[in-house]
Amino acid sequence: MRCLYLLPLVAILPLLAAPAIAEDTPVATTTELSPTALGERHVRPGLLIVRVDERDTGEGRVRRVEVVSPDRFVLPPERAPGWLKLDADLIRSAPRLSHGYRLVDAYRPQRNEPDLRYFFYADLRHPTLARNWRRFYRTQQQELRNQLAEERGRQQWQRRKEQLLSANEQATQRGVELLRAGAYREALVDLTLAAELNHGDPACRIHLTQTRVALGHDQEAAEVLRRALELQPKLIPMWLGLETYYPSPEEFDRQVDALARRVAENSHSGADEYLLLGFFEFQRHHLDAAYAAFVQADRKQAGDEPIEAYLTLTKPAQR
């Protein structure tokens, strides 16, 4: 007998009781298999696995039917693509057992031998066993429905995620174009939308920070900047070329100078506002001015990680 490796049946043996199988079951030579003829002694419950092997002997095709003891084989871990659909032709080709045995499933283990098949039967003669089988079958069907629903949900979420990312990119692009055109209030709308569409995007938040500063919204700009740096700390030592996102480099300088005056004149300026000012001074390569701003920020909030990082970057040479 050919040795095949199939998935353990332990999990379903208590629920499925098949025809009584003798420990020393002989090879059957006919499709008419009577479970009672196999002997009532030395029996154990389980799935009855019937192997049907058709071979060409040179004198014609010979069909051989074998009853296989379940403990010799395990089912394959996946059903594709060897499992056969229980269609009318397959049901007609299955070995005929005595009344009360239901054909459960079929399996073709090898593609290169399409006529080699396994059939799986359950014994439904006993009321308790029939009830257990129906319960097991309903559980199987519910698990399948749950798996299909889970897969549909996963696919829907993936499509939704892709749509949100696409909308985020479009909103960011519109906002940047408006920022470069000097239409700061209009840019604010699109860049705020971009940030809402993707809560993990630091880039749109940097541009939103620029827009807020241009409108004089320093506190809101500082909050957005801190969130961007939390999302991507690697932005801290990077030159981002912020001047290229304004109508002109002169406009960028004008905006940073105006921010510096507002922060200095506001007695309530906190650590985040000084961090904001230092960030913009750093981006226009005014390292001394940036360091002075970060020192003020550190005095108001000592030990803050972004502030400490910028202090290290902008620290002047020791003479």
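Student: Which residues does Thr211 touch, not counting residues up to four places away in sequence?

Tutor: Contact here means heavy atoms within 4.5 Å. By that rule, and leaving out residues up to four places away in sequence, Thr211 touches Leu179, Tyr184, Ala187, Leu188 and Leu191. Please note that this is a predicted model, in which local features need pLDDT of at least 70 and side-chain atom pairs count only at pLDDT 80 or more, while totals for chains, interfaces and linings use all residues. Residues are numbered from 1 along each chain as its sequence is written, and side-chain values use heavy atoms, with hydrogens and water left out.

Student: Where is Thr211 placed, and is it buried or exposed?

Tutor: Helices are DSSP runs of H or I with at least four residues, strands are runs of E with at least two, and both are numbered from the N terminus. Thr211 is in helix H4. A residue is buried under 20% relative accessible area, exposed over 50% and partly exposed in between, using a 1.4 Å probe and protein chains only. Thr211 counts as buried because its relative accessibility is 0%. Between Thr211 and Arg185 there are 7.8 Å in space, C-alpha to C-alpha, although they are 26 residues apart in sequence.

Student: What does Thr209 contact, leaving aside its neighbours within four places in sequence?

Tutor: Thr209 is also placed in helix H4, which covers residues 202–214. With its neighbours within four places in sequence left aside, Thr209 is in contact with Ala221, Val224, Leu225, Leu276 and Phe280. At 0% relative accessibility, Thr209 counts as buried.

Student: Which residues of H6 and H7 meet?

Tutor: In H6, Phe252, Val256, Leu259, Ala260 and Val263 meet Glu273, Tyr274, Leu276, Leu277, Phe280, Glu281 and Gln283 in H7.

Student: How is a pair of aromatic rings read, and how many such pairs are there?

Tutor: A pair of aromatic rings is described by the distance of the centres and the angle of the planes. Rings of Phe, Tyr and Trp (its six-membered ring) pair if their centres lie within 6.5 Å; planes under 30 degrees apart count as stacked, over 60 as edge-to-face and the rest as tilted. By this rule there are six aromatic pairs. One of them, Phe279 with Phe280, is edge-to-face, at 5.5 Å centre to centre and 90° between the planes. Both Phe279 and Phe280 are buried. Phe282 and Tyr310 form another edge-to-face pair, at 5.5 Å centre to centre and 65° between the planes. Phe282 lies in H7 and Tyr310 in H9 (residues 305–314), so the pair ties together parts that are 28 residues apart in sequence. Phe282 is buried, with a relative accessible area of 4%, and Tyr310 is buried at 0%.

Student: Which residues do ring pairs link into a cluster?

Tutor: Ring pairs link Trp239, Phe282, Phe294 and Tyr310.
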